[in-house]
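This briefing goes through one protein chain by topic. Please keep the sequence and the coordinates open while reading.

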Amino acid sequence: MNTKTPPRLSAEEQGRARTAASAARRARAELKSELAQGKVSFFTALWDPRPAIQRMKVTELLKGVPGVGQVRAAAIMERAGISDSRRIGGLGKHQLAALRKELSLSKIDSPKGALIVMSGPGGVGKSTITAALRHDPRFWVSISATTRAPRHNEKDGVDYFFLTEENFDRMVAAGEFLEWATFAGARYGTPKAPIDTWRDLGKHVLLEIEIEGARQVRQADPSALMVFISPPSWEELAARLQLRGTDTLERQAARLALAEAELAAASEFEHNLVNHQVEQVLEQLVSLATAR
Ligand code: 5GP
């Protein structure tokens, strides 16, 4: 049994402790009010380095998230496997991940994500951009359906859903595509269903599609962010297309002609990003999506 009595504080020490405690209460109250007004998100608040915040109980902050409250906070903490007495500074990596999952699954704390349509000529670097965004938790990259054959490094369900002509027809007939178009002899389409789900969960959804499809999306959803990726110069694009793969001269000429036609559509897009550097384009895409 602990028989120790707490040390007696001098009047001066008591005064200092009282001041510190009221400063901490003020900091917490301010943060909770910013959270309630949607000025900061729950996850930003968790990274607030002030000791007063780091010592705050997770539940106390959580129940201040708009739409949560005491009962839901307790349920979320239980599902995430975090004890009620856990303080913000003591949250582990897995607990943070569990909270993130809980909050986005319950559609709280995340405004609806943007719909971004990205087009541009072949060889401009769209697939590098897409590959980077696939690893960015703020984005979800749509997986298209196509009737073309898989390339050697492509996986069904990852790069595309590779469909037979009959299955593609069935999806068209059932109205399951947001858009679809024919490109270089094959059909390509964007499955509609996952888009709303991911946007509701707060993810920015990216479609990397050709121009005809982009026009259809703009018609269907005028709030879509229309982004065209341009090369730094025509010469550079031509050089990249000629370097690509083992195309015959005839096929190279066809691809150059196609790229020229695609470039001509750039002015139809409200945002034109020049791909000098992929990192720069990625930053621009992120700020377009968040500023929306
Ligand atoms: P690839 O066969 O080289 O992967 O793609 C050829 C073209 O099809 C690219 O311009 C690409 O942006 C476009 N594309 C890929 N998926 C879709 C889609 O779902 N819809 C439309 N309209 N175009 C797509």
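Of the contacts in the chain with a separation of 6 or more, 65% are between residues 24 or more positions apart. The model is predicted, and its secondary structure comes to 13 helices and nine strands.

**Overall dimensions and surface**

- The chain has a radius of gyration of 26 Å, whereas a compact globule of 292 residues would have one near 19 Å.
- Along the principal axes, the C-alpha atoms fill a box of roughly 90 × 40 × 35 Å.
- Buried residues make up 40% of the 292 residues of the chain.
- The accessible surface is about 16,900 Å², and carbon and sulfur atoms contribute 54% of that area.

**Charge**

- There are 40 positive and 35 negative side chains in the chain.

**Aromatic pairs**

- The structure holds seven aromatic pairs.
- One of them joins Phe-168 and Trp-180 in an edge-to-face arrangement, with 5.9 Å from centre to centre and 75° between the planes.
- That angle counts as edge-to-face because the cut-off for this class is over 60 degrees.
- The two partners are twelve residues apart, with Phe-168 in helix H8 (residues 165-173) and Trp-180 in strand S5 (residues 177-183).
- Phe-168 has 0% relative accessibility and therefore counts as buried.
- Trp-180, at 31% relative accessibility, counts as partly exposed.
- Ring pairs also link Tyr-160, Phe-162, Phe-183 and Tyr-188 into a cluster.

**Ala-184 and its backbone angle**

- Ala-184 sits in the loop between S5 and strand S6 (186-191).
- Most residues other than glycine have a negative phi.
- Ala-184 is not a glycine, yet its phi is positive, at about 45°.
- The relative accessibility of Ala-184 is 63%, so the residue counts as exposed.

- Ile-82 belongs to the loop between helix H5 (69-79) and helix H6 (93-105).
- With a relative accessible area of 6%, Ile-82 is buried, because the cut-off for that class is under 20%.
- Leaving out residues up to four places away in sequence, Ile-82 touches Met-77, Leu-91, Gln-95 and Leu-99.
- Ile-82 and Gly-202 are 120 residues apart along the chain, and their C-alpha atoms are separated by 24 Å.

**Gln-284 and helix H13**

- Gln-284 is part of helix H13, which covers residues 278-291.
- Its relative accessibility of 33% puts Gln-284 among the partly exposed residues, because that class runs between the 20% and 50% cut-offs.
- From C-alpha to C-alpha, Gln-284 and Ser-119 are 15 Å apart in space, while 165 residues separate them in sequence.

**Points to check in the viewer**

- Which residues does Ile-82 touch, not counting those up to four places away in sequence? They are Met-77, Leu-91, Gln-95 and Leu-99.
- Is Phe-168 buried or exposed? Phe-168 is buried, at 0% relative accessibility.
- Where is Ala-184 found? Ala-184 is in the loop that lies between S5 and strand S6.

Key:
Residues numbered from 1 in each chain as written. Predicted model: local features only at pLDDT ≥ 70, side-chain atom pairs only at ≥ 80, totals over all residues. Heavy atoms only, no water. Helix = DSSP H or I, 4+ residues; strand = E, 2+ residues; numbered from the N terminus. Rg over C-alpha atoms; globule rule 2.2 N^0.38 Å. Buried < 20%, exposed > 50% of the residue type's maximum accessible area, 1.4 Å probe, protein only. Contact = heavy atoms within 4.5 Å. Areas by Shrake-Rupley, 256 points an atom, 1.4 Å probe, with all protein chains shown as cover. Lys, Arg positive; Asp, Glu negative; His and termini not counted. Charge placed at Lys NZ, Arg CZ, Asp CG, Glu CD. Phe/Tyr/Trp six-rings, centres within 6.5 Å; stacked < 30°, edge-to-face > 60°.
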